[in-house]
Amino acid sequence: MGAILGAVITWVSTKYIAKREYGFMGNFTNYAVTLSQILLVGLNSTLSVYVHRFAENGRKKRALLTFTFAIPVAILCLVTVAYYMLRPWILGHFQPADQPLMNGYFEWLPFYTLLFIYMVLLEQYLASQLKVAVAAFMREVAYRVGFMVVLLLFATGYIGFDTLIKGSILLYAMPIVVMVWLSARTKDFGLSLGRTDLSNAEYREMIHFTWYHFLLASSVLLVNYMDVMLLPFYDHGGFASAAVYRNALVLISFLQIPSKALIPASYTVLAKAFTENDLPKAADLFRRSSNNILIATVGMGLLLCCNLGNVLQIFPAGYADLAPVFLILALGNLVNIATGMNDQVLSITNYYKFNFYLSLVLVVVLFVLIRVLVPQYSVFGAAWATAITMISFNTVKCLFIWKKLGMQPFSRNTLLVLVAAAPALVAGYFLPHFFSTVRHIYINAFADACLRSAVIGIVYFIMLLWLRPSADLTEYLAAIKKNKRLF
């Protein structure tokens with residue numbers, strides 16, 4: 001539901017919001033998200049772990065909540081002072097055409113950051129209280145429904161761009177208020193000013209834990225967001241180029257849906273195998289889960305790649321570069337998926353620090369690549385910088401796990417998945433366009449996407465049945481045939 005709403009919002013936004021302004025909106029949000037994650041200094045991880053440790057001690061739990069909720073605000077206040085003092089220097093990094101936009105909403109960034117800080121903390125707390133669905137609904141659905149209303153008001157001329165920007169920021173207060181209300185109904189939720197509720201040893205332990213997770217989260221965050229954040233600095237198109245890149249990232253988010261859905265379940269089983277010190281079982285699970293996730297991701301990739309023409313049909317002029325940028329980014333993401341659950345394995349074992357140090361190196365590599373490639377190749381340079389970094393990152397992790405643990409995600413079945421995908425790709429790509437794009441563009445593009453996706457899905461499914469690259473898939477299909485139901 002959230003993904004569908006996101007896709008609709010993207011389409012409506014590109015139709016009614018000017019390209020430069022649309023790019024600014026996306027990047028302004030990215031700046032707030034990134035700042036919030038950095039200013040949290042890992043306290044969201046501290047909260048999720050220590051709230052269980054202090055679950056039966058109300059005083060300690062409230063002291064923990066005070067610790068995690070107050071420190072980011074104090075840091076934000078200090079950063080805000082520096083932010084205003086460096087205003088000319090910060091604005092000077094943006095393209096001349098973009099500076100009026102950034103200058104006009106400069107004061108809103110600290111407040112926007114504060115909203116994200118508390119949304120993350122409250123969401124983390126509710127998840128610890130087994131209210132994951134509620135927190136996810138408020139973030140993925142409730143906010144997007146509210147934003148869609150504001151966006152439609154803008155599209156119909158009832159509000160201007162200034163109100164759209166400020167309204168989209170203030171809307172984040174809605175899920176925060178609801179999450180505060182839900183949190184208040186849980187046991188011992190609240191704040192405490194008692195300095196002695198936690199011992200000095202407990203404070204030192206939490207600070208040490210927080211510091212390490214802050215460094216790890218910051219490095220991973222920069223790897224994920226650096227391309228789109230720095231693109232307006234070094235690309236002469238500025239926020240207009242960021243608009244194209246942002247839409248390519250929306251398509252990439254659909255490519256990542258299978259892995260986000262399958263990894264949590266696989267992680268639980270994999271962690272249990274490592275806990276029991278059953279390395280043969282862990283290696284088998286690692287290889288099988290990687291292959292199963294690859295099958296689903298390749299299927300999604302086939303649908304997206306062969307329907308890029310339909311996607312471009314519904315976007316306004318000026319977004320044609322979206323397709324090649326998506327293909328470059330998709331290459332990096334497919335390598336990421338193919339190399340398996342590397343991050344999860346490293347987090348379970350005693351080699352998690354390796355992941356941290358590698359992330360720091362890759363932040364530097366990614367920055368250098370962006371600085372060199374973007375001025376020359378615009379959005380393509382940013383895409384290649386990200387893809388190269390992602391491929392290098394996962395290749396090194398894969399080799400490290402193979403050397404240290406004797407585990408690797410590849411097998412004969414990996415090749416069979418790619419063989420199964422080839423005929424489906426050919427069928428989807430060369431299928432004629434039976435629906436005219438001259439009239440009724442949206443209806444015909446949708447009809448063509450449905451037909452093309454059905455052909456791809458049928459061919460891919462038949463090839464998977466024939467080649468049998470996954471024993472788990474074969475068992476699942478046999479269970480469906482026997483029980484006459486999907487689950």
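Me: Which residues of helix 2 and helix 11 meet in this predicted model?
Reply: On the side of helix 2, the residues are N27, N30, Y31, V33, T34, Q37 and I38. Their partners in helix 11 are F214, S218, L221, Y225, V228, M229, P232 and F233. By kind, the residues of this contact divide into ten nonpolar, five polar and no charged.

Me: Why is helix 2 called roughly antiparallel to helix 11?
Reply: The two helices pack at an angle of about 160°, and their axes are 10 Å apart. Angles over 145 degrees count as roughly antiparallel, and therefore helix 2 is roughly antiparallel to helix 11. The crossing of helix 2 and helix 11 is left-handed.

Me: What makes R20 and D98 a salt bridge?
Reply: The closest N and O atoms of R20 and D98 are 2.6 Å apart. The definition asks for a side-chain nitrogen of Lys or Arg within 4 Å of a carboxyl oxygen of Asp or Glu, so the pair qualifies. By this rule the count comes to five salt bridges.

Me: Where in the chain do R20 and D98 lie?
Reply: R20 is in helix 2, whereas D98 is in the loop between helix 5 and helix 6. The pair links distant parts of the chain, 78 residues apart.

Me: How do you know whether R20 and D98 are buried or exposed?
Reply: Buried means under 20% relative accessible area, and exposed means over 50%. R20 has 25% relative accessibility, so R20 counts as partly exposed. D98 has 0%, so D98 counts as buried.

Me: What makes R87 and E107 a salt bridge?
Reply: Their side chains meet at 2.8 Å, N to O, and the limit is 4 Å, so the term applies. R87 lies in helix 5 and E107 in the loop between helix 6 and helix 7, so the pair ties together parts that are 20 residues apart in sequence. E107 has a relative accessible area of 37%, and therefore E107 is partly exposed.

Me: Where do R452 and D448, which also form a salt bridge, lie?
Reply: Both lie in helix 20, four residues apart, which is about one turn of the helix. The closest N and O atoms of R452 and D448 are 3.0 Å apart. R452 is buried, and D448 is buried too.

Me: Why is I169 called buried?
Reply: The relative accessible area of I169 is 1%. I169 is found in helix 9. Leaving aside residues up to four places away in sequence, I169 touches F28, W108, F111, Y112 and L115.

Me: How do you know whether N277 and S378 are exposed or partly exposed?
Reply: N277 is in the loop between helix 13 and helix 14, and S378 lies in helix 18. N277 has 61% relative accessibility, so N277 counts as exposed. S378 has 23%, so S378 counts as partly exposed.

Definitions and conventions: Residues numbered from 1 in each chain as written. Predicted model: local features only at pLDDT ≥ 70, side-chain atom pairs only at ≥ 80, totals over all residues. Heavy atoms only, no water. Buried < 20%, exposed > 50% of the residue type's maximum accessible area, 1.4 Å probe, protein only. Axes fitted to C-alpha atoms, helices over the stretch in contact; angles between N-to-C directions. Parallel < 35°, antiparallel > 145°, perpendicular 65-115°, else oblique. Left-handed = near helix turned anticlockwise from the far one by under 90°. Contact = heavy atoms within 4.5 Å. Nonpolar A, V, L, I, M, F, W, Y, C, P; charged D, E, K, R; others polar.
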